[in-house]
Amino acid sequence: MLTYFFVFGVVLRSRFAGDQSRSGFALYFLAGMLPWLAFSEAAGRSPGVMLEHRNFCEEAGVRGGNAARQLGGRRLVSELFAVVLFCGFLLAVRGGVPPTVLWLPALLIPQVLFTAGVSWFLAALGVFVRDLGQVMGFVLTIWFFVTPICYPETSLPPTATVLLSKNPIYVLVRGYRAILLENHAPAFGALWKLWLVSIVVFVLGHAWFYKLRKSFADMI
């Protein structure tokens, strides 16, 4: 994170419209990292979660499903702790926390659903594709850089913005910045679509995992 801050905040001098100062860049950067870190760690570890727990996978589907779900749960607890630290940082820099922070559950719930769905899908697929963990490392790197976390979305070409705004993490990043830094609710149009996509991904990921669970014992 310090490397990204140095490269984008100091060397490239990226700035966000809401706050043109260097401390403002740090706040916007950290607010964007809150949902990203929770999602990326769960997604990055999910392909190997079944193999990590194979020694006690007597019931591979049930135990593995719990492991994938608990992985997302641990990241959620870590993120909530990070949000508390971020609010402390806001108090130190800006002297207060905006009341719009109460909108946080409206972002956290779809984030958890989306992360769980992706984690279930990757955990099941990782049993059959053993190199999936390495592939996901590459995919997550690209995903990070096409999401405006280290740079303002206004620096993107209009055509790219239209395409990249369909990214659920993009919507989460904008939502976190809105409620924590800009003192307004997340955009409703993007929020209801995020909820819809998250529910669909959650249901499909769950169905995919439990459809394949009978094959896990033989593969593991």
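Student: How are α5 and α8 oriented to each other, roughly parallel or roughly antiparallel?

Tutor: In this predicted model, the axes of α5 and α8 come within 10 Å and cross at roughly 160°. An angle over 145 degrees counts as roughly antiparallel. Therefore the relation of α5 to α8 is roughly antiparallel.

Student: Is the crossing of α5 and α8 left-handed or right-handed?

Tutor: Two packed helices are described by the angle between their axes and the distance between the axes. For α5 and α8, that angle is roughly 160°. The hand of the crossing of α5 and α8 is left-handed.

Student: How many nonpolar residues are there in the contact of α5 with α8?

Tutor: From α5, the residues that take part are L104, L107, L108, Q111 and F114, and they meet P168, I169, L172, G175, Y176 and I179 of α8. In this contact of α5 with α8, 2 residues are polar and no residue is charged. The number of nonpolar residues is 9.

Student: How are α5 and α9 oriented to each other, roughly parallel or roughly antiparallel?

Tutor: The axes of α5 and α9 are 7 Å apart, and the two helices pack at an angle of about 30°. The crossing of α5 with α9 is left-handed. Angles under 35 degrees count as roughly parallel. The orientation of α5 and α9 is therefore roughly parallel.

Student: How many nonpolar residues does the contact of α5 with α9 have?

Tutor: The axes of α5 and α9 lie 7 Å apart. The residues of their contact include 4 polar and no charged ones. The nonpolar residues in the contact of α5 with α9 come to 24.

Student: How many charged residues are in the contact of α2 with α8?

Tutor: The crossing of α2 and α8 is right-handed. On the α2 side, Y28, F29, A31, G32, L34, P35, W36 and F39 take part, and they meet I169, L172, V173, Y176, R177 and L180 of α8. The contact of α2 with α8 has 12 nonpolar residues and 1 polar residue, and the number of charged residues is 1.

Student: Which element gives the most residues to the largest nonpolar core?

Tutor: The largest nonpolar core has 43 residues, and W36, F39, F86, I169, Y176 and L181 have the most contacts inside it. The elements that give two or more residues to this core are α2, α4, α5, α6, α8 and α9. With 10 residues, the element that gives the most to this core is α2.

Student: How many residues are in the second, separate core?

Tutor: In soluble globular proteins, nonpolar side chains tend to be buried together. The second core is separate, and V49, A116, W120 and A123 are among its residues. The size of this second core, in residues, is 9.

Student: Does T100 count as buried or exposed?

Tutor: T100 is in the loop between α4 and α5. Beyond four places in sequence, T100 touches A178, I179, N183, H184 and A185. The relative accessibility of T100 is 11%, and the cut-off for a buried residue is under 20%. T100 therefore counts as buried.

Student: How far apart in space are V83 and V101, C-alpha to C-alpha?

Tutor: V83 is a residue of helix α4, and at 7% relative accessibility V83 counts as buried. Apart from neighbours within four places in sequence, V83 is in contact with L34 and L104. V83 and V101 are 18 residues apart in sequence, and their C-alpha separation in space is 9.9 Å.

Student: Does A207 count as buried or partly exposed?

Tutor: A207 lies in helix α9. Its C-alpha atom is 9.3 Å from that of G117, although A207 and G117 are 90 residues apart along the chain. The relative accessibility of A207 is 43%, which is between the cut-offs of 20% and 50%. A207 therefore counts as partly exposed.

Definitions and conventions
Residues numbered from 1 in each chain as written. Predicted model: local features only at pLDDT ≥ 70, side-chain atom pairs only at ≥ 80, totals over all residues. Heavy atoms only, no water. Core = buried A, V, L, I, M, F, W, Y, C linked by side-chain atoms within 4.5 Å. Buried < 20%, exposed > 50% of the residue type's maximum accessible area, 1.4 Å probe, protein only. Helix = DSSP H or I, 4+ residues; strand = E, 2+ residues; numbered from the N terminus. Contact = heavy atoms within 4.5 Å. Axes fitted to C-alpha atoms, helices over the stretch in contact; angles between N-to-C directions. Parallel < 35°, antiparallel > 145°, perpendicular 65-115°, else oblique. Left-handed = near helix turned anticlockwise from the far one by under 90°. Nonpolar A, V, L, I, M, F, W, Y, C, P; charged D, E, K, R; others polar.
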